[in-house]
Amino acid sequence: MPGNFWTPWTKRLPNSDPQFGDVYYFPYIRKRQHDGEESEEDRPCCVDVRLSKPLKNGTDVTLLALSTTGNPKDGHGVHVPKEELDRLSGLDPNEETWITTSKVNQTDHEHPYFDPSEYRGSFSKEGLKKEVYPLIRDIVLMIAERAKHGG
């Protein structure tokens, strides 16, 4: 299936206004580390949701981790075709990569941890909408509901 569900993409310059499909290196916080706000590792992450109005806690960007250690143990991941990886700087297109769809990180795009200079490129929007979004739809709906109620 690689190459079938992703569509053409256009290159953008890095900026501080992340968009759906953008890939950045980000200090991904795992749930067990949340209290200490310490990252296990800087890892490439894909912007999946960008809210037009931040939640009360200031978050407006939802990120999905990219993994090169195999499909996540829980099986919630989407394989990224080599053609998509070829477009990203700093990632090895010959390394099998998955977008994790079972967990998300939320941040404020103006937070010091979110560094626009860590922009690596962008995935095609159609591939994400078709292959990734359906798997995280419930998470996205929960985020949208919170935003609607100002939470």
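Modeller: Let's begin with a term: buried means under 20% relative accessible area, exposed means over 50%, and partly exposed lies in between (1.4 Å probe, protein chains only). This is a predicted model, where local features need pLDDT of at least 70, side-chain atom pairs count only at pLDDT 80 or more, and totals for chains, interfaces and linings use all residues. Residues are numbered from 1 along each chain as its sequence is written, and side-chain values use heavy atoms, with hydrogens and water left out.

Biologist: Thanks! How many salt bridges does the structure hold?

Modeller: Side chains of opposite charge can pair when their charged atoms come close. A salt bridge here is a side-chain nitrogen of Lys or Arg within 4 Å of a carboxyl oxygen of Asp or Glu. The number of salt bridges in the structure is 3.

Biologist: Which residue forms a salt bridge with Lys 82?

Modeller: Lys 82 is partly exposed because its relative accessibility is 38%. The closest N and O atoms are 3.1 Å apart, and the partner of Lys 82 is Asp 86.

Biologist: And what is the N to O distance in the salt bridge of Glu 118 and Arg 120?

Modeller: Glu 118 is partly exposed, with a relative accessible area of 26%. Arg 120 counts as partly exposed at 22% relative accessibility. Their side chains meet in a salt bridge, and the N to O distance is 2.8 Å.
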